[in-house]
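Please read this note with the sequence and the model side by side. Each point can be checked on its own.

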Amino acid sequence: MTAPDSTSPRPRTGNDRFLRALRREPVDRTPVWLMRQAGRYLPEYRATRAQAGSFLALAKNPELACEVTLQPLRRFPLDAAILFSDILTVPDAMGLGLYFVEGEGPKFERPLRNAADIDRLAVPDMGSDLRYVMDAVGTIRRELDGSVPLIGFSGSPWTLACYMVEGGGSKDFSKVKALALNDPRAMHKLLDVVTDAVIAYLDAQRVSGAQAMQVFDTWGGVLSPRMYREFSLRYLQRIAAELPRGDGETHAPLILFGKGNDPYLEELATCGAEAVGVDWTVELGEAARRIGGRVAVQGNLDPATLYAEPEAIRREVGHALDSYRDGNGGSREGHIFNLGHGLSPDMQPDHVAALVDAVHELSAR
Ligand code: CP3
């Protein structure tokens, strides 16, 4: 036997369960990845963040962003990697000046205060202002070396607009809702330019190597149904219609995740995206039944389940898997297992391990 030489092609050991499930093709086990799978609950993440100096310095350094992207994959047999970055890179690149205050979350130095601020906004240049994100995507893709697919992401236009107008996180969304009601034309102008930016951002990530794309509509669920359709859904539909996905082997599906999107599942399933991600306030089987095999379904364990003991985690994973199957005509296909929202810093890595193992064991075909 001869030693493998470095010029021979590497064996294709790639795990494509995640991409197959997005296409609703048969898989040996239900694929699983977790929102915020890279983050403060991992001691190695905290060490790399300390090395970088801050969260933003970490996100803006492609080598270190790659390192923290890979950390959860070294611990757990996850079926996908997600780019380590943030949704607020886009408004930052639009000139709003993103910064973080320890314990208070994200803030903008120059939030949008009036229609004139909105008029001045332009789509940022992906090759310069957001070059660090594209470099991270390319670096991660290279390091993954085909082992698992890489997910790129963006915030939804509405969710980004919330942070841009509020100037940071909010409890009542008073400023952004008042703007939408007082000056809907300005609000639509804002959502339009942000939608153009989101499309350009996701397209650049795909061209740089992202193999699937997720839009996080974290705050769509705070809107009344009429306002949701006008200020959030309409722009998700535009992204689904206009975002290029690539052809053949390089086709990168689009996942629309939204907190509190349960009332709109039928509309989300028919807007042209390849998958809908749901939170834990809807029974997964009901979501599957209403989505009706039109697109893949991602979700939806309550993240707080991870505070329970491994036996309880395993039981809840089993309920979610079976619920999906029962709502999907008896088939487990077309399901990507995930939490209904992100992991929290005080969660235990060994509980995450129990979750990932339970998904694979209990869903084996
Ligand atoms: O999922 C992943 O592993 C990929 C990385 C990722 C981060 N943020 C890393 C991050 C993703 C996909 C996001 C998306 C994001 N960012 C959303 C949408 C998803 C959601 O959670 O609803 C939102 C609303 C943001 C805005 C934002 N960025 C918030 C609210 C915070 C938390 C602030 C805090 O102190 O809790 C961030 C910072 C952030 N983004 C962290 C991480 C790991 C924590 C920063 C740190 O290390 O201190």
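The points below cover the ligand site, the aromatic pairs and a few single residues.

1. Basis. This is a predicted model, in which local features need pLDDT of at least 70 and side-chain atom pairs count only at pLDDT 80 or more, while totals for chains, interfaces and linings use all residues. Residues are numbered from 1 along each chain as its sequence is written, and side-chain values use heavy atoms, with hydrogens and water left out.

2. Of the 23 residues around the ligand, Arg36, Tyr45, Arg49, Asp86 and His341 come nearest; a residue is near if one of its heavy atoms lies within 4 Å of the molecule. An oxygen atom of the ligand is 2.5 Å from an N or O atom in the side chain of Tyr45. Polar backbone atoms also take part: one of Gln37 is 3.2 Å from a ligand oxygen atom, and one of Ala38 is 3.2 Å from a ligand oxygen atom. A polar contact is a pair of N or O atoms within 3.5 Å.

3. Ligand cover. Taken alone, the ligand exposes 870 Å², and the protein buries 88% of that (areas by the Shrake-Rupley method with a 1.4 Å probe). Helix 2 (43-52) and strand 3 (105-108) are the elements that give two or more residues to the shell around the ligand. Helices (H or I, at least four residues) and strands (E, at least two) are DSSP runs, numbered from the N terminus.

4. Arg36. Where does Arg36 lie? Arg36 is found in the loop between helix 1 (17-22) and helix 2. Phi of Arg36 is near 60°, a positive value in a residue other than glycine. Arg36 has a relative accessible area of 54%, so it is exposed. Exposed means over 50% relative accessible area, buried under 20%, and partly exposed in between (1.4 Å probe, protein chains only).

5. Aromatic pairs. How many aromatic pairs does the structure hold? It holds 7. Rings of Phe, Tyr and Trp (its six-membered ring) pair if their centres lie within 6.5 Å; planes under 30 degrees apart count as stacked, over 60 as edge-to-face and the rest as tilted. Phe55 and Phe100 form an edge-to-face pair, with 4.9 Å centre to centre and 75° between the planes. This pair links distant parts of the chain, Phe55 in helix 3 (residues 55-59) and Phe100 in strand 2 (residues 98-101), 45 residues apart. Phe55 counts as buried because its relative accessibility is 16%, and Phe100 counts as partly exposed at 33%. Ring pairs link Tyr45, Phe55, Phe84 and Phe100 into a cluster.

6. A second pair. The ring centres of Phe153 and Phe216 are 5.6 Å apart and the planes are at 85°, so this pair is edge-to-face. Phe153 lies in strand 4 (residues 150-155) and Phe216 in strand 5 (residues 212-217), so the pair ties together parts 63 residues apart in sequence. Phe153 and Phe216 are both buried.

7. Backbone details. Phe173 is found in the loop between helix 8 (157-166) and helix 9 (174-182). Phi of Phe173 is near 55°, a positive value in a residue other than glycine, and Phe173 is buried, with a relative accessible area of 5%. Elsewhere, a cis peptide bond with omega of about -10° joins Gly299 and Asn300; Asn300 lies in strand 8 (residues 296-301).

Terms used. A polar contact is a pair of N or O atoms within 3.5 Å; within protein, one must be able to donate a hydrogen and the other to accept it, and residues adjacent in sequence count only if both atoms are side-chain atoms.
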